[in-house]
Amino acid sequence: MNSAHSLESIRGYVSLAMYDKALEEWEKLSGEVRETIEAKEIRIVIELERSDFERALRLSRELTECCPDEHAGFIQGAYALHELGRTGEARDFLMDGPGTLREEPVYFYNLACYELALGKEDAAHAWLHRAFRMNIGYRKQALRDPDLAPLRDRILEDDES
């Protein structure tokens, strides 16, 4: 089985929420394939989905060290920190990412989540609107996101003005 097919198979298991099977298949990858950015990223996703946030954080840090221009390590590592209750660190970790990360609406969306969790509603609102300007689809997501529920009325009020 070739590596592209193997990674696609693992992605399929992840999409079906079969995380243990995805991990089992990931373990079968050759050492060379495991070292690819794509394989490292999917492993982090598996650990996040399995709620092993410590392992996901460790793997994210490894990815940011070996590939400091890759966005996934910073986004997923920050999420793992947030899930571990270390939201201030999550915000800082994300903000330490490469400058190109600021071209991604998910960067600003996640910053909004972290700032709101830290009690900084105005900052969260500003970051969220920056994400909306980049991709309006994030507005619909924000209205459904329980982490952003305290901002729901402000988002709706913005539509009226």
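## Overall make-up

Of the 161 residues of the protein chain, 43% count as buried, where buried means under 20% relative accessible area, exposed over 50%, and partly exposed in between (1.4 Å probe, protein chains only). This is a predicted model, in which local features need pLDDT of at least 70 and side-chain atom pairs count only at pLDDT 80 or more, while totals for chains, interfaces and linings use all residues. Residues are numbered from 1 along each chain as its sequence is written, and side-chain values use heavy atoms, with hydrogens and water left out.

The protein chain has 11 helices and zero strands. Helices (H or I, at least four residues) and strands (E, at least two) are DSSP runs, numbered from the N terminus. Along the principal axes, the C-alpha atoms of the protein chain fill a box of roughly 55 × 30 × 25 Å. Among contacts in the protein chain with a separation of 6 or more, 49% join residues 24 or more positions apart; contact means heavy atoms within 4.5 Å.

## Helix α6

Helix α6 covers residues 71-83, which is 13 residues. From its first C-alpha to its last, α6 reaches 19 Å, close to the 18 Å expected at 1.5 Å a residue; the expected span is 1.5 Å times one less than the number of residues. After α6 comes G85, whose phi is positive, near 80 degrees.

Because 10 of its 13 residues are buried, α6 is largely enclosed by the rest of the structure. These buried residues are H71, A72, G73, F74, I75, G77, A78, A80, L81 and H82. Their cover includes α4 (37-49), α5 (53-66), α7 (87-95) and α8 (105-117).

## α7 against α8

The axes of α7 and α8 lie 9 Å apart, and the two helices pack at an angle of about 155 degrees. Axes are lines fitted to C-alpha atoms, for helices over the stretch in contact, and angles run from 0 to 180 degrees between N-to-C directions. α7 and α8 are therefore roughly antiparallel to each other (angles under 35 degrees count as roughly parallel, over 145 as roughly antiparallel, 65 to 115 as roughly perpendicular and the rest as oblique).

On the α7 side, T87, A90, R91, L94 and M95 meet Y107, N110, L111, Y114, E115 and A117 of α8. By class, this contact of α7 with α8 has seven nonpolar, two polar and two charged residues. Ala, Val, Leu, Ile, Met, Phe, Trp, Tyr, Cys and Pro count as nonpolar, Asp, Glu, Lys and Arg as charged, and the others, Gly among them, as polar.

N110 has its place in helix α8 and is buried, with a relative accessible area of 13%. Leaving aside neighbours within four places in sequence, N110 is in contact with I75 and L94.

α8 packs with helix α9 (residues 121-134) at an angle of about 165 degrees, with axes 8 Å apart. That makes α8 roughly antiparallel to α9. In α8, P105, F108, Y109, L111, A112, E115 and L116 meet E121, A123, A124, W127, L128, R130, A131 and M134 in α9. The contact of α8 with α9 has 12 nonpolar, no polar and three charged residues.

With helix α10 (residues 137-144), the axes come within 11 Å and cross at roughly 25 degrees. That makes α8 roughly parallel to α10. P105, V106 and Y109 of α8 make the contact with Y138, Q141 and A142 of α10. The residues of this contact of α8 with α10 divide into five nonpolar, one polar and no charged.
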